[in-house]
Amino acid sequence: MADTYGKVFVPCAAGNHGRLTPKPEFKRYVYKNADWFIYQLLARDLADDPRITFAINDANETDYRVYGMRFKLVHGDMLGVSGGDGIIGALGPIIRGEVKTQRRSVPIGADYDVLLMGHWHQQLWLSRVIVSNTLKGYDEYARLKLNAMPTEPSQPLFFVHRRGRITSRWDILVDEAKPQAQADWVSWGGRKTGRFNN
């Protein structure tokens, strides 16, 4: 990425997947977490490359700006919420968690425009929240614990314009493409327009 784009910024946030304690602990949270340790090793090994910058904090979140747009990166496991239901799934807890995160961030000058997180095993694009899907895709945890809808492994990609707003966004699918049957380019009312060849 550095060879292609010239500079790479790596914001880091530790989460529940990397914890080294049987249950979540709050004192010295990041220092008992393999995520934080891996970030430290990567930063050390790439320290001689001035094109790459890591933001590794003592808290389990990172605040940064892109063209003035304020982002807060968290894993998503410590929003102070839990639950969900069979109709809206994790949407309720995510929105409640974002409201709580904003409420505690504003008084300390750490407010943000967009909250970035993973943790919920699904992709969501909301007005103030971007939730990243998992790279490993649908699994037993997503099915049995979350009862989540199956999704393809993906990650969000978005562009921030110089004027400080998101202008484009995509779900980048990371699984191998499945073979598709040849289909008509457009069809309607029993009519076909032929095949589209690239």
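Biologist: Which residues are buried in helix 3?

Modeller: Those are G92, P93, I94, G97, E98, T101, Q102 and S105. Buried means under 20% relative accessible area, exposed is over 50%, and partly exposed is in between, with a 1.4 Å probe and protein chains only. Before we go on, this is a predicted model, where local features need pLDDT of at least 70, side-chain atom pairs count only at pLDDT 80 or more, and totals for chains, interfaces and linings use all residues. Residues are numbered from 1 along each chain as its sequence is written, and side-chain values use heavy atoms, with hydrogens and water left out.

Biologist: What do the buried residues of helix 3 pack against?

Modeller: Strand 4 (69-74), strand 5 (114-117), strand 6 (124-125) and strand 7 (129-131). A contact here is heavy atoms within 4.5 Å. Helices (H or I, at least four residues) and strands (E, at least two) are DSSP runs, numbered from the N terminus.

Biologist: And how many helices and strands are there in the protein?

Modeller: Four helices and 11 strands. The C-alpha trace spans about 65 × 45 × 30 Å along its principal axes, and 33% of the 198 residues count as buried.

Biologist: Switching to helix 2. How far apart are its end C-alpha atoms?

Modeller: They are 16 Å apart, which agrees with the 16 Å that the 12 residues (34-45) should span at 1.5 Å a residue. The expected span is 1.5 Å times one less than the number of residues.

Biologist: Which residues of helix 2 are buried?

Modeller: D35, W36 and A43. They cover an arc of only 95° around the axis, which puts them on the same side of helix 2. That arc is taken over the directions from the helix axis to the C-beta atoms. Strand 2 (52-55) is included in what covers those buried residues, while the face turned away from the buried side carries the exposed R44 and D45.

Biologist: What caps the N-terminal end of helix 2?

Modeller: N33 does, with a side-chain oxygen 2.8 Å from the backbone nitrogen of D35. A polar contact is a pair of N or O atoms within 3.5 Å; within protein, one must be able to donate a hydrogen and the other to accept it, and residues adjacent in sequence count only if both atoms are side-chain atoms.

Biologist: How do you define a pocket or a cavity?

Modeller: On a 1 Å grid over the protein atoms alone, a cavity is a set of points where a 1.4 Å probe fits but cannot get out, and a pocket is an open set with protein on both sides within 12 Å along at least five of seven lines; lining residues have an atom within 4 Å of a point. Points are joined across faces, edges and corners, and a volume is the space filled by probe spheres set on them.

Biologist: How many cavities of 30 Å³ or more come out?

Modeller: Two. The largest cavity has a volume of about 50 Å³, and its lining includes W36 and Y39.

Biologist: Last one. Where is P24 found?

Modeller: P24 sits in the loop between strand 1 and helix 2. P24 is partly exposed, at 44% relative accessible area. Leaving out residues up to four places away in sequence, P24 touches R19 and M78.
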